[in-house]
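The sequence and structure come before the details.

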Amino acid sequence: MKSTQSLVLVFLALLFAWAGQVALGFFQVGKLEPILNEETNYTVPPVPSGLAQTGSRVFASQGCLECHSLSVRGPTGSADLARGWGPRRTVPRDYLFREPAWIGASRIGPDLSNIGIRLADANELMLHIWNPRLKKASSTCPPHPWLFDLKVAGPTIEKDALPVPSKEWKQVLPTYQAKALVAYLQSLHSDYSLPEAPLK
Amino acid sequence: MNAPLSSFSKSSLASLILLIGSVSWALLGAGLQVLATLQLLVPSLAYLLPIPWIGYGHLAPLTTFLFTYGWITSGFLGVLLILIPRISGIPFRYGKLLTSAALLWQIAVLIGVAEIIWNGATGLVSLPFSRSVTCLFLASFLILGTGLTRGLGRSWKSGPLLPRLYLLAALLALPLGLGTAEVLLRGGLAPGALQIIAQLVWHSFLHHLWLTPLALVLLFQLLPTLTGRPVGSLSLGLLAWGATIGLGGWIGMSLASEGPVPSWLQSAGVVATILLGVAVWGNGTLLKPLLDGKIEECRRQVALRFLAVSLWSYFVSYAWLAFLAIPGIRQATTFTVVAQATQSLLLFSFYGNALAGAIYALLPASRTVGWPRHPALTIHFWFSTLGIASVASCYAIAGILQGLALNDPGVPMSTIASYLRPFLSIVLAGQIAWWIGQLAFSTLFFATLLKLFNSVAPVAIFPLPRDESAPSLNPAHH
């Protein structure tokens with residue numbers, strides 16, 4: 001086999017792998033568009049806010065994807081729906097406005113595709129990020145105290161302060177990063193119907 | 001491989017920088033890996049010592065990055081810079097440029113490490129660093145790859161074909177895969193779910209079209225040289241090569257189960273993974289006979305033993321991947337720690353042993369140094385091998401149990417975490433053993449480079465029991 005022949009063969013094989021997956025994938029999932037919900041006059045999937053977009057970066061930088069997935073499977077061959085991780089399976093259109101889009105690596109912790117439904121209250125999410133063992137003593141999720149500021153409390157407690165016992169008269173205040181992370185987690189929900197994945 | 005050493009001195013500093021980087025990153029990665037597993041095993045540690053960069057979420061992507069880009073890739077490039085001019089007979093030119101490129105690769109790894117420590121990883125599969133690090137990697141590879149291709153192209157007909165074919169494929173796959181992944185994922189060209197497809201394709205390119213072909217280059221070049229036997233059938237080798245190159249880029253899709261990846265792509269990934277068995281069978285048929293009846297040589301020669309383990313790991317890794325791709329098993333084991341078992345088999349056992357064998361075989365030719373007959377050789381082999389075996393097997397069993405438990409909605413997540421704990425204890429012990437093995441190897445490596453040993457031989461030989469100690473060993477120099 002000549003060197004030029006080999007070079008062409010290798011190039012074609014690599015191109016075939018790229019084109020076959022990414023180009024054909026583009027025609028199938030890259031051209032998806034949001035769906036108009038005629039009852040609410042909103043499009044789905046919803047466009048996340050700027051704060052939630054920032055929060056997605058915080059989510060990745062804290063390494064949450066090492067233990068949490070972002071993809072609900074089912075109904076056959078998986079217990080995701082039975083575990084209550086979402087009202088329906090996740091489909092490509094759900095990732096339309098998620099940038100970067102991830103599915104996660106492992107499930108040491110639960111899937112978070114619908115954490116915005118399961119734990120909708122911002123304060124509860126904030127408390128979980130500060131110290132997951134406040135609500136569940138056996139949690140294996142690590143705390144993230146570096147996403148919070150400890151500030152000496154004045155005559156009044158600030159409205160953002162977490163409802164946790166203060167140490168040395170200090171209140172726990174979420175940083176911008178913590179607020180962004182909570183906004184991102186709240187944006188994770190798929191409680192809307194899509195033609196390819198209707199709500200039952 | 002017998003050309004005069006002075007002809008190749010221009011690339012030797014570059015290869016030395018890459019190999020020193022590789023050994024150092026492996027040591028650092030091994031230590032951090034132990035810390036990461038400790039965090040997973042004892043979650044309370046994160047409460048006692050809440051420091052962001054030593055959390056599992058930071059350390060897990062950091063160690064994968066260190067092992068993939070720092071240890072294995074850097075090491076492979078280092079040994080190829082020694083090997084290629086020797087098999088082609090064409091010495092490198094522009095030594096300073098190669099040295100700068102080797103330094104640039106190490107700087108890129110260093111910046112990547114600093115980024116992941118301070119800012120965390122990007123979350124992208126096999127692309128945990130920023131665009132600037134990608135640019136540094138590509139700039140460095142442009143010079144190193146051009147140097148390697150030059151030695152390859154002009155000597156195409158003068159030696160064994162298969163290592164050259166695998167090298168050619170790998171040299172094209174890295175820039176194509178990394179460059180396009182960067183453009184698609186961070187250039188805004190891949191919307192939504194297409195980003196996940198692009199990540200999985202890049203993951204396939206990195207492992208199955210870059211690292212696997214490079215490891216096969218070393219096996220196809222060094223095993224015949226060390227055993228003195230030629231590779232049998234070229235036609236079978238070409239078939240296996242074609243299957244590896246044609247199917248390797250598709251394997252990543254079998255990692256996705258439902259979700260955002262179209263089902264036909266997942267099926268294509270499954271078919272590719274199972275069909276890749278043809279390539280493994282072909283390469284196995286060619287390489288296994290080289291080791292038949294060579295047990296005594298494997299017992300004595302360090303390089304040969306590491307390469308033999310690497311060859312067996314190649315079979316096991318791809319058989320394991322094919323097993324995981326079987327429908328039913330794939331659904332059950334997606335999102336479990338079986339991914340870590342696969343990583344252990346590929347990175348540590350297959351690529352890692354090929355790299356160790358190549359360093360033992362090629363370093364004396366590059367630096368006019370020799371290896372001592374020291375117990376550290378035995379420690380390196382046994383601690384690494386037993387460490388990897390325990391890590392891979394425990395992750396594999398734990399992952400299957402985790403998958404079965406995840407598919408039973410009656411089992412709470414906290415119970416699943418407790419299932420993993422006993423296995424993680426053994427994994428931790430295995431990782432510590434691997435670290436000790438690397439420590440022994442790096443001690444030998446640096447002591448050999450500094451010529452600290454009195455009696456050395458150009459071929460690394462395991463120290464045998466006292467009564468068998470070999471008077472035939474030829475000390476090369478003092």
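Of the 200 residues of chain A, 44% count as buried, a residue being buried if 20 or more other C-beta atoms lie within 10 Å of its own, exposed if 12 or fewer and partly exposed in between, with C-beta atoms placed from the backbone. This is a predicted model, in which local features need pLDDT of at least 70 and side-chain atom pairs count only at pLDDT 80 or more, while totals for chains, interfaces and linings use all residues. Residues are numbered from 1 along each chain as its sequence is written, and chains are lettered from A and ligands numbered from 1 in the order in which they are written.

**Chain A: overall form**

- Chain A holds five helices and four strands, where helices (H or I, at least four residues) and strands (E, at least two) are DSSP runs numbered from the N terminus.
- Read from the N terminus, the elements of chain A follow the order α-β-β-α-α-α-β-β-α.
- Chain A is more spread out than a compact globule, because its radius of gyration is 22 Å, well over the 16 Å that the globule rule gives for 200 residues; the radius is taken over C-alpha atoms, and the rule is 2.2 Å times the number of residues to the power 0.38.
- Along the principal axes, the C-alpha atoms of chain A fill a box of roughly 80 × 50 × 30 Å.
- The domain assignment divides chain A into domain 1 (1–31) and domain 2 (36–140 + 179–187), with bounds that come from an automatic or database domain assignment.
- The C-alpha centres of domain 1 and domain 2 of chain A are 34 Å apart.
- Among contacts in chain A between residues at least 6 apart in sequence, 69% join residues at least 24 apart, two residues being in contact if their C-beta atoms, placed from the backbone, lie within 7 Å.

**Chain B: overall form**

- Chain B contains 15 helices and two strands, and 59% of its 478 residues count as buried.
- The radius of gyration of chain B, 22 Å, agrees with the value near 23 Å that a compact globule of 478 residues would have.
- The C-alpha atoms of chain B fill a box of roughly 65 × 50 × 45 Å, taken along the principal axes.
- In chain B, 83% of the contacts between residues at least 6 apart in sequence join residues at least 24 apart.

**The contact between the chains**

- Chain B brings 64 residues to the contact, and chain A brings 56 residues.
- Several helices of chain B each supply at least two residues of the side that touches chain A, among them helix H3 (56–88), helix H6 (161–186) and helix H7 (193–227).
- H6(B) gives the most to this side of chain B, with 10 residues.
- The residues of the side of chain B that touches chain A comprise 43 nonpolar, 19 polar and two charged, where Ala, Val, Leu, Ile, Met, Phe, Trp, Tyr, Cys and Pro count as nonpolar, Asp, Glu, Lys and Arg as charged, and the others, Gly among them, as polar.

**Packing of H1(A) on H6(B)**

- Helix H1 (residues 3–30) of chain A packs with H6(B) at an angle of about 30°, and their axes are 10 Å apart; axes are lines fitted to C-alpha atoms, for helices over the stretch in contact, and angles run from 0 to 180 degrees between N-to-C directions.
- Residues that make this contact include Leu7(A), Phe11(A) and Trp18(A) of H1(A), and Leu165(B), Leu172(B) and Thr180(B) of H6(B).
- The residues of the contact of H1(A) with H6(B) divide into 13 nonpolar, two polar and no charged.

**Local backbone features**

- The peptide bond from Val44(A) to Pro45(A) is cis, with omega near 0°, and Pro45(A) is placed in the loop between strand S2 (42–44) and helix H2 (50–61) of chain A.
- Glu99(A) and Pro100(A) are joined by a cis peptide bond with omega about 0°, and Pro100(A) lies in the loop between H2 and helix H3 (115–118) of chain A.
- Ser126(B), a residue other than glycine, has a positive phi near 60°; Ser126(B) sits in the loop between helix H4 (95–119) and helix H5 (131–153) of chain B and counts as buried because it has 21 C-beta neighbours inside 10 Å.
- Phe335(B) likewise has a positive phi, near 65°, and counts as buried with 27 C-beta neighbours inside 10 Å.
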